[in-house]
Amino acid sequence: MNGLLLAAAGLSAAVCLLHTFAGGRAIAVPLLKASDLHPVPKYVAYYCWHIVTIVLAMIAVMFAVAGVRAESLDLGLVATVLTASFCLLGLAVPPLKKQKYSQMPQGWLFLPIVLLGGLGILGGVS
């Protein structure tokens, strides 16, 4: 059992739930209610919202499987690389778009998951 990868799984699941419920109310609902958007970009963005939900859920599953099965460490590595990519993107976009991190905190949400995943992978290899 790898407690660090299981902790990364728990935090990933929490981010997925935060995205689904709190983010859904703050982002997806207003998106769908926007009458000034053309239907194609509106529903493509809504479709992408659901893809993100699925990816976040699968990251939690990958960390969980890697946490309980030492022979599945590669899943934890993939989940760590994905969350590191999301973290870096989330930390780069706000300054590039002149936004505050308080308005776009997503990158910071992934940072503890990346750290736990990375440490869990390193601990699982030794």
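In which helix is the place of Ala 66? Ala 66 sits in helix α2. The points below start from the whole model and work back to that residue.

1. **Overall make-up.** This is a predicted model. The protein has four helices and zero strands. Along the sequence the pattern reads α-α-α-α. The C-alpha atoms fill a box of roughly 55 × 25 × 20 Å, taken along the principal axes.

2. **Burial and contacts.** The protein has 126 residues, and buried ones make up 32% of them. Take the contacts with a separation of 6 or more. Residues 24 or more positions apart account for 62% of these.

3. **Helix α2.** This helix covers residues 39-68. It has 30 residues. From its first C-alpha to its last, α2 reaches 44 Å, close to the 44 Å expected at 1.5 Å a residue.

4. **What α2 buries.** The buried residues of α2 are Lys 42, Trp 49, Thr 53, Leu 56, Ile 59, Ala 60, Met 62, Phe 63, Ala 66 and Gly 67. Where do the buried residues of α2 pack? They pack against α1 (3-33), α3 and α4 (106-125).

5. **α1 with α2.** The axes of α1 and α2 come within 7 Å. They cross at roughly 170°. Angles over 145 degrees count as roughly antiparallel, so α1 is roughly antiparallel to α2. The residues of this contact divide into 24 nonpolar, seven polar and one charged.

6. **α2 with α3.** Helix α3 spans residues 73-96. The axes of α2 and α3 come within 7 Å and cross at roughly 140°. The two helices are therefore oblique to each other. The crossing of α2 past α3 is left-handed.

7. **Residues between α2 and α3.** On the α2 side, the contact is made by Val 55, Ile 59, Met 62, Phe 63, Val 65 and Ala 66. On the α3 side, it is made by Leu 73, Leu 75, Gly 76, Val 78, Ala 79, Thr 80, Leu 82, Thr 83 and Phe 86. By class, that contact has twelve nonpolar, three polar and no charged residues.

8. **Thr 80.** Thr 80 lies in helix α3. Is Thr 80 buried or exposed? Its relative accessibility is 10%, and so Thr 80 counts as buried. Leave out residues up to four places away in sequence. Thr 80 then touches Phe 63, Val 114, Gly 117, Gly 118 and Ile 121. Phe 63 belongs to α2.

9. **Ala 66.** Back to the opening residue. Ala 66 has a relative accessible area of 3%, so it is buried. Which residues is Ala 66 in contact with, leaving aside its neighbours within four places in sequence? They are Leu 5, Ser 72, Leu 73, Leu 75 and Gly 76. Leu 73, Leu 75 and Gly 76 belong to α3. Ala 66 and Met 1 are 65 residues apart along the chain. Their C-alpha atoms are separated by 8.6 Å.

10. **Lys 98.** Lys 98 lies in the loop between α3 and α4. Its relative accessibility is 74%, so Lys 98 counts as exposed. Look also at the backbone here. Phi of Lys 98 is near 55°, a positive value in a residue other than glycine. Most residues other than glycine have a negative phi.

Conventions: Residues are numbered from 1 along each chain as its sequence is written. This is a predicted model: local features need pLDDT of at least 70, side-chain atom pairs count only at pLDDT 80 or more; totals for chains, interfaces and linings use all residues. Side-chain values use heavy atoms; hydrogens and water are left out. Axes are lines fitted to C-alpha atoms, for helices over the stretch in contact, and angles run from 0 to 180 degrees between N-to-C directions. Angles under 35 degrees count as roughly parallel, over 145 as roughly antiparallel, 65 to 115 as roughly perpendicular and the rest as oblique. A crossing is left-handed if the near helix is turned anticlockwise from the far one by less than a right angle, and right-handed if clockwise. Contact means heavy atoms within 4.5 Å. Ala, Val, Leu, Ile, Met, Phe, Trp, Tyr, Cys and Pro count as nonpolar, Asp, Glu, Lys and Arg as charged, and the others, Gly among them, as polar. The expected span of a helix is 1.5 Å times one less than its number of residues. Buried means under 20% relative accessible area, exposed over 50%, partly exposed in between (1.4 Å probe, protein chains only).
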